[in-house]
Amino acid sequence: MTTLSNHVPDPRLITAYAEHRDSPLHRVNPWTKFGIVGALVLTVTVTDMLAILAGVYAATLVVYGVAGLPYRRLALWYTLPLLFIVSVAGPLAFLEPGTPIGGALGTPLGELSVTWEGAILFAELSCRSLTVVTFALTATMTTRYADIAYLLGRTLPSPIDQVALLTYRFTFVMIETLEDLVKAVLARGASLSEFWANRRTYARILGMTLLTAIERSERLVKSMEARGYDGDITLYGDVPRPPLRELVAVVACYVAVVGYALVAVYGVVSL
């Protein structure tokens, strides 16, 4: 599981950074960070200039560092988004028409070549994806779980908010169960290199693991109900409104994004 947590965001490590670290971003109001996430998603959606996208991504990396979070861990956690980028944007780089870069690549389907326009498109999609992923990790690693639960409870309709919160909580149960499974397999002399040859056996083991995780989750729900849980986690937290300076900053971000969309994207120069 150590290898897995190096390439998949570990919720336990994320929670530890959120609960036990202190940085300028930890002291920012959670509502403000929630609003900035929306502004970033809107920015990378309407912006089609590589220079702006690269600048926004660089600024996000700076914010990540100011929060005191490890860049090495972030680079390892880029594995999943990079796989998505390569699988989606990679073929587009070959299919985008334009000026070819270097020679063509011979394939059974014919000659393929990467164009400058395709490379720019690949870079734009990479900046879009990594910007949102980086700031989402930054926000979750600097916001206490109780505050996240309160925000989700106030923004998502019921019972979707409870499903999201309990899914996050049960992720810990699943990880612990998988860790026990991996330790048991390794203790019996097995290895992941034998997975394909013994895939049916591993499928049965995984099925039993899922059943065990479900049983542990049910016991957890019963213990929560015994302690007063009635379907609303937001009762156990409270997030005040953001201060005026943070509210102004968030509004300014949205105004800038909307202004850029009107002027640069839709060609509206003046009313």
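These legends go with a set of close-up views of a predicted model.

**A note before the views.** Because the model is predicted, local features need pLDDT of at least 70 and side-chain atom pairs count only at pLDDT 80 or more, while totals for chains, interfaces and linings use all residues. Residues are numbered from 1 along each chain as its sequence is written, and side-chain values use heavy atoms, with hydrogens and water left out.

**View 1. The whole chain, for orientation.** The protein chain has 11 helices and 2 strands; helices (H or I, at least four residues) and strands (E, at least two) are DSSP runs, numbered from the N terminus. Along the sequence the order reads α-α-α-α-α-α-β-β-α-α-α-α-α. Of its 271 residues, 31% count as buried, where buried means under 20% relative accessible area, exposed over 50%, and partly exposed in between (1.4 Å probe, protein chains only). Take the contacts with a separation of 6 or more: 76% of them come from residues 24 or more positions apart. Contact here means heavy atoms within 4.5 Å.

**View 2. Helix α4 against helix α7.** The axes of α4 and α7 come within 9 Å and cross at roughly 25°. Axes are lines fitted to C-alpha atoms, for helices over the stretch in contact, and angles run from 0 to 180 degrees between N-to-C directions. That makes α4 roughly parallel to α7 (angles under 35 degrees count as roughly parallel, over 145 as roughly antiparallel, 65 to 115 as roughly perpendicular and the rest as oblique). Residues in the contact include Leu53, Tyr57 and Leu61 of α4 and Ala123, Cys127 and Thr134 of α7. By type, the contact residues split into 13 nonpolar, 4 polar and 2 charged; Ala, Val, Leu, Ile, Met, Phe, Trp, Tyr, Cys and Pro count as nonpolar, Asp, Glu, Lys and Arg as charged, and the others, Gly among them, as polar.

**View 3. Leu61 on helix α4.** Leu61 sits in α4, which covers residues 50-66. Leaving aside residues up to four places away in sequence, Leu61 touches Tyr71, Leu74, Tyr78 and Thr134. Thr134 is 73 residues from Leu61 along the chain, yet their C-alpha atoms are separated by 7.2 Å. With a relative accessible area of 22%, Leu61 is partly exposed.

**View 4. Phe122 on helix α7.** Phe122 belongs to α7, residues 116-140. Its relative accessibility is 28%, so Phe122 counts as partly exposed. Beyond residues up to four places away in sequence, Phe122 touches Ile85, Val86, Ala89, Gly90 and Ala93. Ala89 and Phe122 are 33 residues apart in sequence and 5.4 Å apart in space, C-alpha to C-alpha.

**View 5. Helix α8 against helix α9.** Helix α8 (residues 145-155) and helix α9 (residues 160-187) have axes that come within 9 Å and cross at roughly 155°. The pair is therefore roughly antiparallel. On the α8 side, the contact is made by Tyr145, Ala149, Leu152 and Gly153; on the α9 side, by Asp161, Leu165, Tyr168 and Arg169. Sorted by type, that gives 5 nonpolar, 1 polar and 2 charged residues.

**View 6. Helix α2 against helix α9.** Helix α2 (residues 11-20) packs on α9 at an angle of about 130°, with the axes 10 Å apart. These two helices are therefore oblique to each other. Pro11, Arg12 and Thr15 of α2 meet Tyr168, Thr171, Phe172, Ile175 and Glu179 of α9. The contact residues comprise 4 nonpolar, 2 polar and 2 charged.
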